[in-house]
Amino acid sequence: MPGRAERPAPGTPPRAGETRRYLAVGLDCYLCLVTAGLLVRPYAESAAVPEVAGLLIGPVLVLSFLNHVVLTAVVGAGAGKLIMGIRVVSLPDVGRPGPWQLVRRWLYGLCWLPLQPWYGLRARLPASGGADGPGRRAEGAAYGDPVGLRQVLRTDLAAHRRAAAGRAG
């Protein structure tokens, strides 16, 4: 079917655990906000609260882009994922993600993250059908990522690459 993501090849490294992935996201947010706060601090003392919020938006977006797109393109993961031992790979070939995949994933994340409280509340409502209700994606649908990327443990990725090199040689 055109536009539908392929299934990962057998032997593809499994996704990193959910807790580890969420901790990586939390670290990314924390590092981004602290860095942006330090950059804006000299200007924030003389500004009102709405102005400070406006001052923070630019540096937060730039730092987020640098972390999630540029750093991931260069080293295979953003700061939080590097700390948590996670790498981002493209499926089904388990290769390095392309820059446009990373940009689309970053834009999706900017929309997805702020809506998580809403999705959490909606999943608990009886009318929504709970966790298996409409609008919920099945596990493995498009690898759980809208652009066909997967977050894997660095150790699993290294083992996969060693095994692939052994099969090729």
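Author: An axis is here a line fitted to C-alpha atoms, for helices over the stretch in contact, and angles run from 0 to 180 degrees between N-to-C directions. The model is a predicted one, in which local features need pLDDT of at least 70 and side-chain atom pairs count only at pLDDT 80 or more, while totals for chains, interfaces and linings use all residues. Residues are numbered from 1 along each chain as its sequence is written, and side-chain values use heavy atoms, with hydrogens and water left out.

Of the 169 residues in the protein, 28% are buried, where buried means under 20% relative accessible area, exposed over 50%, and partly exposed in between, with a 1.4 Å probe and protein chains only. Among the contacts with a separation of 6 or more, 72% join residues 24 or more positions apart; a contact means heavy atoms within 4.5 Å.

Helix α4 covers residues 99-112, and its 14 residues should span 20 Å at 1.5 Å a residue; the end C-alpha atoms are 20 Å apart, so the two values agree. The expected span is 1.5 Å times one less than the number of residues. Five residues of α4 are named as buried: Gln 101, Leu 102, Val 103, Arg 105 and Trp 106. They pack against α2 (49-75), α3 (79-83), β1 (86-90) and β2 (149-153).

Beyond residues up to four places away in sequence, Gln 101 touches Ser 90, Val 147, Gly 148 and Leu 149. Gln 101 also lies 9.4 Å from Pro 146, C-alpha to C-alpha, although 45 residues separate the two in sequence. Arg 105 is buried as well, at 13%. Once its neighbours within four places in sequence are set aside, Arg 105 is in contact with Lys 81, Val 88, Asp 145, Val 147, Leu 149 and Gln 151.

Gly 148, one of the residues touched by Gln 101, belongs to the loop between α5 (116-124) and β2. Its relative accessibility is 9%, so Gly 148 counts as buried. Gly 148 and Val 89 are 59 residues apart in sequence, yet 8.8 Å apart in space from C-alpha to C-alpha.

Two packed helices are described by the angle between their axes and the distance between the axes. For α2 and α4, the axes come within 9 Å and cross at roughly 145°. Their crossing is right-handed, a term for a near helix turned clockwise from the far one by less than a right angle, anticlockwise being left-handed. On the side of α2, the contact is made by Leu 61, Ser 64, Phe 65, His 68, Val 69, Thr 72 and Ala 73, and on the side of α4 by Pro 99, Leu 102, Val 103, Trp 106 and Leu 110. By class this contact has nine nonpolar, three polar and no charged residues; Ala, Val, Leu, Ile, Met, Phe, Trp, Tyr, Cys and Pro count as nonpolar, Asp, Glu, Lys and Arg as charged, and the others, Gly among them, as polar.

Helix α2 has a further partner, α1 (residues 18-44): these two pack at an angle of about 140°, with axes 8 Å apart. The crossing of α1 and α2 is right-handed too. The contact of α1 with α2 has 13 nonpolar, five polar and one charged residues. Within α2 lies Asn 67, which is buried at 11% relative accessibility. Asn 67 touches Asp 28, Thr 72, Gly 78 and Ala 79, residues up to four places away in sequence not being counted.

Most residues other than glycine have a negative phi, and most peptide bonds are trans. In this loop lies Pro 92, joined to Leu 91 by a cis peptide bond with omega of about 10°. Val 94 belongs to the loop between β1 and α4 as well, and has a positive phi of about 60° although it is not a glycine. With a relative accessible area of 6%, Val 94 is buried.

Methods
Helices (H or I, at least four residues) and strands (E, at least two) are DSSP runs, numbered from the N terminus.
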